[in-house]
Amino acid sequence: MAKIPYRLYLPEDKIPTQWYNLRADMKDLPDPMLNPQTFKPATEEDLYPVFCKALAHQEMDDTTRYIDIPEGIREMYKLFRPSPLVRAYNLEKELGTPAKIYYKFEGNNTSGSHKLNSAIAQAYYAKEQGLTNLTTETGAGQWGTALAEACSYFHIPLTVYMVKASYLQKPFRQAIIRTFGGKVIASPSDTTEAGRKILAADPENSGSLGTAISEAVETAVTTEGCRYVLGSVLNQVLLHQSVIGLESKAAMEMLDEYPDVVVGCAGGGSNLGGLIAPFMQDKLLGKANPRFVAVEPASCPSLTRGKYAYDFCDTGKITPLAKMYTLGCSFKPSPNHAGGLRYHGMSPILSKLYHDGYMEAMSVEQTKVFEAATMFARVETILPAPESAHAIYGAIEEAKKCKETGEAKTILFGLTGTGYFDMTAYTSFMDGTMSDYIPTDEDLQVGFDKLPKIPGIQE
């Protein structure tokens, strides 16, 4: 048998023509989103003031298994897709493991991450509807960068509320967003009512994704011709990101391979949901039984230590409520280098799958994450983003288990992006100044105590 190549690129005509909607095959669906005013299940029409109509429809569609990808989106996908499936031979050798390790590398575009897959779709639908501008939030900056690229391509003005901690840590992310025509505002800011309220209570607030979401949504609903777009968590985003898993599965089939374990970093859930989608379909339909491992930061452990409850998706409490694993929308994450993984909640789809036992989860301290990132960079020659390095850590742990047992399992993980704008973090790690933060039970209880009370649903 010929040696499996280091990198396998599918032919251009193998770029998926349809997204896969995982909800269509779930035996038990996530609980519905709730209208924040009435606490009744939200309707598609309830979402129209916030999202463009096509995306609101995708958000609520629980039954359509495959959804056509418009040609205008596929044309931009062709600029950077298909992305390669890589056999990590050097990492396997370094670990001395009998496991076969593969990773799907999503960093070969200017945004440096998987985020462009959904950014293109959301900008396309906004343009199709005739919207005149968009708003969003960004944590580590990958989403803001990706959306700025997509909005530039479709000629739509964009305002990005960037979590203040990341805004200060990553000035070059700001520069890229501005290069593509986006406006960047550090959040919390004095440009919105939500931001001013948070700053009045805590002038030194370093921000959170929940806070930035509040500011972006407020701007969207108070600006004519404007809508809000989100880079993770929501059903529509996981739908768009299914191209990652669909391409991964097609490439592995070409190699006559199938993963025993699929590992992904977990913040809001976009890359993990997209990577596992077709393999989870096999599990739900009884065709295969792979394990799925979500790796999250110990500083923001929504799956491993959160509550499965209804919560607001933003700190300002103006978005619909979602049933998810959450630390509470008031949870203030540590301003560490977990970047885009510092969100208080997890995708309702992934939360439900985890709650029902289809997935596993683990949390890890950032110094261990950077140990894994540094090892990977030195042997595989790609500098991973801190978020991606959580998945690397998880894959390494699985490979170590194989070394102990002698099992030659096949491991697939998502390398969601590059870390070229994270050198402050790498320098901190190498200089020995990086520390680990793990919230205490008392820290977390503050957020749990403020979970919304919903008559007849969540008392």
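**Strands, a core and a pocket, with reasons**

Reader: Which residue in E5 is the bridge partner of Arg-87?

Author: Tyr-102 is the E5 partner of Arg-87. Keep in mind that this is a predicted model.

Reader: What makes strand E4 and strand E5 a pair?

Author: The cut-off is at least two bridges. E4 (residues 85-87) and E5 (residues 100-105) have three bridges between them, so they count as paired. Their sense is antiparallel.

Reader: Where do they sit in the sheet, and why are strand E1 and strand E14 called edge strands?

Author: The order is E1-E4-E5-E15-E10-E11-E14, an open sheet of seven strands with mixed pairing. E1 (7-8) and E14 (360-364) each pair on one side only, which makes them the edges.

Reader: How do you know that strand E10 is largely enclosed?

Author: Count its residues: five of the five in E10 (residues 261-265) are buried, so the rest of the structure largely encloses this strand. Val-261, Val-263 and Cys-265 point one way, Val-262 and Gly-264 the other, and all are buried.

Reader: What makes E10 and strand E11 partners?

Author: Five bridges, in the parallel sense, link E10 to E11 (residues 291-297). The cut-off is at least two, so the pair qualifies. Val-262, for one, stands opposite Phe-292 in E11.

Reader: Why does Ser-214 count as buried?

Author: Buried means under 20% relative accessible area. Ser-214 comes in at 0%, so it counts as buried. This serine lies in helix H9 (residues 209-221). Leaving aside neighbours within four places in sequence, its contacts are Ala-194, Asp-314, Thr-315, Gly-316, Lys-317 and Ile-318.

Reader: What makes a set of residues a nonpolar core, and how many are in the largest one?

Author: The members must be buried, of the nonpolar kinds, and joined through side-chain atoms within 4.5 Å. The largest such set has 70 residues, and Trp-19, Ile-73 and Leu-353 are among those with the most contacts inside it. Helix H4 (residues 116-129) gives the most, with eight residues. A second, separate core of 37 residues includes Phe-376 and Ala-389.

Reader: Which residues lie nearest the centre of the largest pocket?

Author: Ile-198, Asn-205, Thr-315, Cys-329 and Ser-330, out of 18 lining residues. The volume is about 370 Å³. Helix H8 (residues 193-201) gives the most to the lining, with four residues. By class, the lining has six nonpolar, seven polar and five charged residues.

Technical notes:
Residues are numbered from 1 along each chain as its sequence is written. This is a predicted model: local features need pLDDT of at least 70, side-chain atom pairs count only at pLDDT 80 or more; totals for chains, interfaces and linings use all residues. Side-chain values use heavy atoms; hydrogens and water are left out. Buried means under 20% relative accessible area, exposed over 50%, partly exposed in between (1.4 Å probe, protein chains only). Helices (H or I, at least four residues) and strands (E, at least two) are DSSP runs, numbered from the N terminus. On a 1 Å grid over the protein atoms alone, a cavity is a set of points where a 1.4 Å probe fits but cannot get out, and a pocket is an open set with protein on both sides within 12 Å along at least five of seven lines; lining residues have an atom within 4 Å of a point. Grid points are joined across faces, edges and corners, and a volume is the space filled by probe spheres set on the points. Ala, Val, Leu, Ile, Met, Phe, Trp, Tyr, Cys and Pro count as nonpolar, Asp, Glu, Lys and Arg as charged, and the others, Gly among them, as polar. Contact means heavy atoms within 4.5 Å.
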